[in-house]
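Subject: Structure handover, with notes on cavities, pockets and backbone

Dear colleague,

I am passing on the structure below, together with some notes for you to read beside it. Please keep the sequence open as you go through them.

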Amino acid sequence: MTIEALQKRIKTTEDLRSIVSTMKALSSVSILQYEQANRVLKKYRENLSDAFQALVLSQGLPEVIKDKSTPRYLFILIGSDSGLVGKFNREVIEKSENWLKANSININDVWFITIGKRISAIAEQKRLRIFAKYASANSVKTVNSIAETLIIKIDEATTKKRVTNVHILYHKRGKASAVDLEHQTLIPFNYEKMKSLKKKKWPTNNMVQTDLKKEVFFREIINQILAISLISFLNFSLIAEHFVRMTNMQTAEKNIDENLEEMNLAFQQQRQEAITGELIDIIAGYQAI
């Protein structure tokens, strides 16, 4: 490779490194905003839990009639719009397929909602029954909008498609450097866990009073819990996505730095050889004269 070609290659690699560094920085900033959003949601969830306990202690829970019809399933799969995340999207679909197979459920009878262009494309290639598909969120505000839309679609699925079970799969950043794949059941709600709140001690001597009927109170709290759960899961997925991308960018940055070091050494060596060659030519010309 000539000095000019090597110099051009070094310039291109330096530009690539700049892009990689920018992407890493953007992922880092994105992680911070979604983590902050989830910290706020955690406090709100605690308030809802207190409200729910107040309902259980003061009025009790409304009687829930168990649906004895054949279970019908809706799976919400949260993936990504962009690449550079490895098997991020395929893992979500594979886990849903494995769960359905393990529970002897025909995947052709299951409806799917996909969040993210990449995961939507994979789901369509696999010919899954798509009930709805949406692009991934790119801000905290967009996350809230998607969650609101999902609540509407879940209600539509339960009424029009007679769906009885709603599951959601998403990635979540682990304690170390790992990213875990989570599987949660949204519907039906864990009624026994709700009743167990009756055994929990109320923190004060004053019980919350409300004029709302317990059926209305119950429905409103459940809707709020579902909403903040969806927002939290979407945030968790975005945190995990950006964390995977940031990790990949760090690896790419390291490889680029190593390549740049090798190319710079080769450039310096070729440049030194060229200078030496020119000096030899000058000396030879001088001696000839």
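This is a predicted model: local features need pLDDT of at least 70, side-chain atom pairs count only at pLDDT 80 or more; totals for chains, interfaces and linings use all residues.

Residues are numbered from 1 along each chain as its sequence is written, and side-chain values use heavy atoms, with hydrogens and water left out.

A search of the whole structure finds 1 cavity of 30 Å³ or more (on a 1 Å grid over the protein atoms alone, a cavity is a set of points where a 1.4 Å probe fits but cannot get out, and lining residues have an atom within 4 Å of a point; grid points are joined across faces, edges and corners, and a volume is the space filled by probe spheres set on the points). The volume of the largest cavity is about 40 Å³, and its lining consists of Ile78, Gly79, Ile115, Ser136, Ala137, Ile146, Leu234, Ser237 and Leu238. Helix H6 (residues 214-288) gives the largest share of that lining, 3 residues; helices (H or I, at least four residues) and strands (E, at least two) are DSSP runs, numbered from the N terminus. By class, the lining of the largest cavity has 6 nonpolar, 3 polar and no charged residues, where Ala, Val, Leu, Ile, Met, Phe, Trp, Tyr, Cys and Pro count as nonpolar, Asp, Glu, Lys and Arg as charged, and the others, Gly among them, as polar.

The second largest pocket (an open set with protein on both sides within 12 Å along at least five of seven lines) holds about 870 Å³ of space. Of the 26 residues that line this pocket, Arg45, Phe189, Lys193, Ile225 and Ser229 are the closest to its centre. Its lining has 14 nonpolar, 8 polar and 4 charged residues, and H1 (3-58), E4 (165-173), E5 (179-187), H5 (191-195) and H6 each supply at least two residues.

As for the backbone, the peptide bond from Ile187 to Pro188 is cis, with omega near 5°, and Pro188 sits in the loop between E5 and H5. Leu84, in the loop between strand E1 (73-78) and helix H2 (88-102), has a positive phi near 60° although the residue is not glycine.

With best regards
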